[in-house]
Amino acid sequence: MAEIVMTNLVKTYPGTKNRATDDISLHVDDGEFLVLVGPSGCGKTTLLRMIAGLESPDVGSVHIGGRDVTDLPARQRDLSMVFQSYAIFPHMRVRQNIAFGLTMRKTPKAEIERRVAEAAEMLHLTDYLDRYPAQLSGGQRQRVAVARAIVVDTGVLLMDEPLSNLDALLRMQFRTELKRIVAKLGTTTVYVTHDQAEALSLGDRVAVMRDGRIAQIGPPLDVYDAPADEFVGGFLGAPPMNFLPAHVDRTGDRVELVLGDQRLPAPDTLGGHAGGTVTVGVRAENVEVADGEAPDRVAARVEVVEPTGSAILLTVDLAGRPVKVQTPPTQRVGAGDTVWLAVDPNRMHFYDPATGAALRPAGTAGVPAPRDAG
Ligand SMILES: Nc1ncnc2c1ncn2[C@@H]1O[C@H](COP(=O)(O)OP(=O)(O)OP(=O)(O)O)[C@@H](O)[C@H]1O
């Protein structure tokens with residue numbers, strides 16, 4: 001068992017004012033792949049380094065596999081790490097690089113050979129075992145770093161931006177490989193990235209961090225589909241979620257959003273906010289370019305048309321605000337055109353304009369949605 005339990009981790013670096021991690025409690029299940037994601041400086045690396053034993057928390061504890069490791073150095077924590085700089089040894093051949101951790105542990109020679117061969121096979125490095133790192137591409141070197149980490153077969157694998165030195169295509173290929181390998185190994189993995197696409201594609205769960213805290217944690221699509229606040233909605237997804245201020249109006253049974261001088265149907269659950277203003281969040285792929293004018297549609301002017309290959313991304317002006325709309329590649333519109341937009345009320349999200357927190361349905365109006373603190 002190698003579950004990781006972090007409890008109330010507080011860390012302030014000497015000479016700084018703000019907490020790098022601010023009372024973080026988090027539970028990573030045995031065999032789970034957890035991704036820590038968030039903007040630069042939010043505390044991801046600090047949290048990972050506290051799990052690793054490379055930083056000590058001011059307050060709080062870390063348990064790995066039921067053992068309190070808070071005061072143990074990294075080498076006694078039974079974990080392996082891959083860091084951004086993938087420090088592989090330039091003077092050692094790939095074979096020795098991969099074997100390094102096993103050699104240090106005085107593993108029998110035959111076993112080292114077997115495990116190195118296995119890891120090399122997994123990472124498509126078999127043909128490169130006798131080369132030096134200087135004779136490898138960036139992607140191959142990165143694979144050596146991963147092979148070196150997984151060969152040791154520890155209970156926990158920690159990775160900090162391991163793909164950051166790769167170009168976009170290699171990054172994507174390697175991401176897929178990594179997901180396959182880690183699933184096969186079943187190692188408990190904590191993975192740090194600032195890349196939201198990587199986070200969504202890799203994690204069993206993602207923890208979105210902000211200012212030393214966990215803003216939201218959950219399975220990738222849950223967090224993507226129901227962001228707990230504007231920050232999370234704006235951080236996950238490319239393009240980020242659209243946010244628009246809207247007045248809520250109720251006429252008889254109908255609840256509507258008033259955007260400038262136009263109206264869109266809103267879910268009944270928003271009725272509790274009638275007379276007030278909310279921030280509407282809607283993802284680009286949930287805005288439909290409809291076929292002509294209708295009472296439940298709003299008009300917008302197309303400003304920019306960006307084909308992305310599999311889709312077309314429009315930036316439209318809706319009531320004086322830019323809104324991103326994702327349409328099929330077959331959509332024929334040009335800059336300057338007026339389009340009619342429809343949004344399924346069930347695909348809308350609502351946030352408190354003052355706090356940015358998600359609003360709950362009617363009856364609990366104004367109360368932010370609950371957050372899973374792990
Ligand atoms: N050794 C250090 N001394 C002082 N402050 C530090 C140190 N390391 C990190 N910090 C500060 O702690 C905060 C969190 O840093 P951390 O490296 O954990 O963030 P991060 O989310 O990993 O960022 P990035 O994505 O840029 O690597 C930042 O404000 C950073 O400036």
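Student: Where is E293 found?
Tutor: E293 sits in the loop between β15 (287-290) and β16 (298-307). Keep in mind that this is a predicted model.

Student: Is E293 buried or exposed, and why?
Tutor: E293 is exposed, because 10 other C-beta atoms lie within 10 Å. The cut-off for exposed is 12 or fewer.

Student: How far apart are E293 and V339, in sequence and in space?
Tutor: In sequence, E293 and V339 are 46 residues apart. In space they are 8.6 Å apart, C-alpha to C-alpha.

Student: V339 is in β19, then. Which side chains of β19 are buried?
Tutor: β19 covers residues 338-343, and its side chains alternate. V339, L341 and V343 point to one face and are buried.

Student: How many bridges join β15 to β19?
Tutor: There are 4 bridges, and the two strands run antiparallel. V287 stands opposite V343 in β19.

Student: And β16 to β19? How many bridges there?
Tutor: β16 and β19 are joined by 4 bridges, also running antiparallel. A300 has V339 as its bridge partner in β19.

Student: What about β16 and β17? In which sense do they pair?
Tutor: Antiparallel, over 6 bridges, with β17 covering residues 312-318. V302 stands opposite V316 in β17. The hairpin of β16 and β17 has 4 residues between the strands, and G309 takes a positive phi near 100 degrees there.

Student: Which residue takes a positive phi in the hairpin of β17 and β18?
Tutor: A319, near 50 degrees, in a hairpin with 2 residues between the strands. β17 and β18 (residues 321-327) pair in the antiparallel sense over 7 bridges. V316 turns up again here, opposite V323 in β18.

Student: New topic. What is the strand order in the open sheet of 6 strands?
Tutor: The order is β6-β7-β8-β3-β9-β10, with mixed pairing.

Student: Which strands stand at the edges?
Tutor: β6 (79-83) and β10 (213-218). Each has a single partner strand, so one side of each has no neighbour in the sheet. Neighbouring strands here are turned by 15 degrees against each other on average, direction ignored.

Student: In what sense do β3 and β8 pair?
Tutor: Parallel, over 5 bridges, between residues 33-37 and residues 188-193. V35 stands opposite Y191 in β8.

Student: Which helix lies across β6 and β7?
Tutor: Helix α4 (residues 138-150), running at about 170 degrees to β6.

Student: Now the open sheet of 4 strands. What is its order?
Tutor: β2-β1-β4-β5, with antiparallel pairing. β2 (21-28) and β5 (67-68) stand at the edges, each with a single partner, so one side of each is left without a neighbour in the sheet.

Student: How many bridges pair β4 and β5?
Tutor: 2 bridges, in the antiparallel sense. I64 has R67 as its bridge partner in β5.

Student: Which strands does α1 lie across?
Tutor: Helix α1 (residues 44-52) lies across β1 (4-11), β2 and β4. α1 runs at about 120 degrees to β1.

Student: Last one. Which residues surround the ligand?
Tutor: Among them are Y13, A20, S40, C42, K44 and H194. The shell divides into 3 nonpolar, 8 polar and 1 charged.

Definitions and conventions: Residues numbered from 1 in each chain as written. Predicted model: local features only at pLDDT ≥ 70, side-chain atom pairs only at ≥ 80, totals over all residues. Pairing = 2+ DSSP bridges. Axes fitted to C-alpha atoms, helices over the stretch in contact; angles between N-to-C directions. Contact = placed C-beta atoms within 7 Å. Buried ≥ 20, exposed ≤ 12 C-beta atoms within 10 Å, placed from the backbone. Near = placed C-beta within 6 Å. Nonpolar A, V, L, I, M, F, W, Y, C, P; charged D, E, K, R; others polar.
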